[in-house]
Amino acid sequence: MLKRYLYNTDPEVYEILLKEDKRQENSLEMIASENFVSQSVLEAYTSTLTNKYAEGYPNKRYYNGCEYADAIETLAIERAKKLFNVNFVNVQPHSGAQANAAVFLAFLNPGETFLGMDLSHGGHLTHGSKVNYSGRLYQPIFYGVRKDTETIDFDQIYQLAKEHKPKMIIAGFSAYPRILDFNKFREIADEVGAKLMADIAHIAGLVAAGYHPSPVGVAHVITTTTHKTLRGPRGGMIMTHDEEIAKTINSRVFPGIQGGPLMHVIASKAVAFGEALRPEYKTYIEKVIENAKVLAETFMQRGMRVVSGGTDNHIVLLDVGKKGLTGNVVADELHAIGITANKNTIPFDPHPPMITSGIRFGSPALTTRGLGKDEFKKIGNIICDLIENINDETIKSKLKKEVEEITTQFPMNKFRLD
């Protein structure tokens, strides 16, 4: 219906959206941060709740006419609490970055010190990057991974925490393929009197389904996006077990960093949480992890270097520098044959973030689309063939046709969850 109206009222926008539909249909989406939502989530997202201002919280709004906004936000909260087995949830943050900003505002004063993962080792922009508010307003200290194992260096975290006495420690990442040990982070935080923030934006779906240890009851506060592995709309969320922390967090979200919440997004969050509570969602996450492992194993069997030697989650980080290539070049060449991934720094990367030595792959979107182990092995081999023949136009043309065969075999309209 939306496209029908747009076709008549704004054909220029309609044509662009149609091209994006075709791009998603005709390519293999392997960006670890992306996924495909159900028709139900899309329907809630385009609902008339987009018209409604609802500043405040359920039953404590500044505007009238919020009775149904209250009902939908309460439903989203209750479903999230059940999904993660947590006492308090704020579903209003517009994004994961906004959720993180609210926690910073709750636990830190400007200029105070926190400990976060180095962006080049797998951390996130909002964990202290100098170009982000987290690095401009606060004082970040960075930890990283060990050179020999490329896994988190807890000895380094302990030493840095003892030396700098941070007010907060962040356990979280945007490009780390291994399990996070929240208990170790909490032990260090307690020893130095720091609050522990767990940013589970990437692994929220794995945590919800029981395939990754939960930070609930371990971290003082938990932030996440609601897309990625959670397979909901683009948005953020904050959780905690502590009632006093919950009150502070609520005030830092509104009026601290945001005005009116996006009620149509909250409605689609409620739908996504409902989907994640179904038994089939756990099966989906099991396949997400299984497919990522197959991809990593395929790369290694072909002589490629995978950061940390494999994966425990949905992320596979490939070192193309060992093949004399850079991440930006390989990402562009992948895009040309119909595979969408992103360049990414790897630990101790000699290249800057706009060039990089790595490519980050993720399995959630293609798993949603219905691809399984056989397809991921085939895609892994296509990627390796491209890397090994980066300048051979004949081979690249052949690989593009192989990608087209896979997308044709798994059309987008077949995976819809409804």
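Student: Which helix holds Pro 255?

Tutor: Keep in mind that we are looking at a predicted model. The helix to look for covers residues 243-257, and Pro 255 is found there. The name asked for is helix H10.

Student: Is Asn 59 buried or exposed?

Tutor: Let's find the residue first: Asn 59 is in the loop between strand E2 (56-57) and strand E3 (60-61). Its phi is near 70°, a positive value in a residue other than glycine. Exposed means over 50% relative accessible area. Asn 59 has a relative accessibility of 70%, so this residue counts as exposed.

Student: And Thr 356, is that residue buried or exposed?

Tutor: Thr 356 sits in the loop between strand E14 (342-344) and strand E15 (358-362). Phi of Thr 356 is positive, near 70°, and this residue is not glycine. The cut-off for buried is under 20% relative accessible area. Because the relative accessibility of Thr 356 is 0%, this residue counts as buried.

Student: Which residues does Ser 268 touch, not counting those up to four places away in sequence?

Tutor: Start with helix H11 (residues 263-276), where Ser 268 is found. With a relative accessible area of 0%, Ser 268 is buried. Leaving out residues up to four places away in sequence, Ser 268 touches Val 41, Ala 44, Tyr 45 and Pro 233.

Key. Residues are numbered from 1 along each chain as its sequence is written. This is a predicted model: local features need pLDDT of at least 70, side-chain atom pairs count only at pLDDT 80 or more; totals for chains, interfaces and linings use all residues. Side-chain values use heavy atoms; hydrogens and water are left out. Helices (H or I, at least four residues) and strands (E, at least two) are DSSP runs, numbered from the N terminus. Buried means under 20% relative accessible area, exposed over 50%, partly exposed in between (1.4 Å probe, protein chains only). Contact means heavy atoms within 4.5 Å.
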